[in-house]
Amino acid sequence: MSDVGVDESLLKSVAVQVATDAAELVREAWEGMARGRSVAVDTKSADTDVVTAVDHESERLVRARLASLRPGEPVLGEEGGGAAGDGVTWVVDPIDGTVNFLYGLPWFAVSVAAQVGGESVAGAVVEPASGRVWSAARGQGAFLGDRRLAVSAPARLELTLVGTGFAYSAERRTRQSRFAAELLGRVRDIRRNGAASLDLCAVAAGWLDAYVEHGLHRWDWAAGALIAAEAGAAVHLPGSAPELGADATYAAAPSIADPLWKVLADCGAAEV
């Protein structure tokens with residue numbers, strides 16, 4: 001890809017600043033809901049695929065901040081759409097884990113990434129409830145706050161903790177449940193936390209040994225996958241892992257990445 005003149009450190013700084021600002025807005029709304037304040041809710045692809053007024057407010061704030069800090073650079077957001085440009089494109093998930101947000105669960109985040117030629121070069125994932133800031137820039141490592149991250153190193157598959165997720169479509173969730181049932185007997189256990197960006201960050205921190213999910217959109221993985229990769233994970237993005245399915249996202253500790261890949265294929269990942 002052509003990225004002459006791209007300053008990954010500066011882009012990371014912008015991603016952290018903008019995501020942190022949006023996370024503060026989301027945190028205030030979340031705390032207000034806990035005190036009984038109502039939030040407008042709508043649906044998208046299915047009744048279980050929800051979007052709130054706070055998602056829209058968060059994305060509007062991100063777009064406004066980026067327009068001020070990086071004028072002229074296009075933004076691709078989950079709620080507002082957009083398209084990639086020739087240089088830097090910002091990819092935004094204003095609340096990843098909206099269902100968790102609505103239920104009061106603290107596992108949700110704001111994700112902001114800078115991409116060039118469709119590849120992430122900098123990004124940040126900020127958790128409104130805890131204030132944790134995950135970040136990475138290409139070739140510069142991944143961090144939780146100022147702590148450098150490194151993936152785990154499970155000795156064998158039977159000791160591997162795998163994260164995953166499920167689609168909004170009931171029909172596809174049924175296929176995913178069969179796949180998960182096959183996998184469950186071959187690994188330590190499975191976790192389903194409900195926010196892809198944070199699951200990828202969890203791989204970076206060694207809180208998960210691996211993560212696989214089908215059907216993610218670019219805004220789901222743009223920042224988190226870079227953070228996982230910069231922490232040392234083997235990462236495959238949608239379209240790059242046909243043995244696991246055309247729309248599979250995969251991140252794993254190198255010590256088990258290849259054998260787990262084979263097991264996932266054997267468990268029917270490509271048919272999910």
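1. In this predicted model, strand β13 is joined to strand β14 (residues 248-252) by 3 bridges, and the two strands run antiparallel. As background, the strands of a sheet pair through backbone hydrogen bonds, and the pairing may be parallel or antiparallel.

2. β13 and β14 belong to an open sheet of 5 strands. Reading across the sheet, the order is β11-β10-β12-β14-β13, and the pairing is mixed. Which strands are at the edges? They are β11 (189-191) and β13 (234-236), each of which pairs on one side only. From one strand to the next, the twist averages 15 degrees.

3. Helix α4 packs on this sheet and touches β10 (161-163), β11 and β12. The direction of α4 makes about 150 degrees with that of β11. Helix α7 (residues 254-266) lies across β10, β12, β13 and β14. Relative to β14, α7 runs at about 145 degrees.

4. Rolling a probe the size of a water molecule over the atoms shows where empty space is left. The largest pocket has a volume of about 750 Å³. It is lined by 35 residues, and those closest to its centre are Asp49, Phe166, Ala167, Tyr168 and Glu213.

5. Which elements each supply at least two residues of the lining of the largest pocket? They are β4 (88-96), α3 (98-103), α4 (170-184), α5 (196-205) and β12 (210-214). Two of these names have come up already: α4 packs on the sheet, and β12 is one of the strands in the sheet order. By class, the lining of the largest pocket holds 9 nonpolar, 13 polar and 13 charged residues.

6. The second largest pocket holds about 200 Å³ of space. Its lining consists of Gly118, Glu119, Ser120, Arg218, Trp221, Ala225, Leu226, Ala229, Glu230, Val235 and Leu237. Two or more of these residues come from each of β6 (119-126) and α6 (218-230).

7. Which element gives the most to the lining of the second largest pocket? Helix α6 does, with 6 residues. Sorted by class, the lining of the second largest pocket has 6 nonpolar, 2 polar and 3 charged residues. For the reader checking the list, Trp221 and Leu226 are among the lining residues, and α6 covers 218-230.

Conventions. Residues numbered from 1 in each chain as written. Predicted model: local features only at pLDDT ≥ 70, side-chain atom pairs only at ≥ 80, totals over all residues. Heavy atoms only, no water. 1 Å grid on protein atoms, 1.4 Å probe; cavity = no way out; pocket = protein on both sides within 12 Å on 5 of 7 lines; lining within 4 Å. Points joined across faces, edges and corners; volume = space filled by probe spheres on them. Helix = DSSP H or I, 4+ residues; strand = E, 2+ residues; numbered from the N terminus. Nonpolar A, V, L, I, M, F, W, Y, C, P; charged D, E, K, R; others polar. Pairing = 2+ DSSP bridges. Axes fitted to C-alpha atoms, helices over the stretch in contact; angles between N-to-C directions. Contact = heavy atoms within 4.5 Å.
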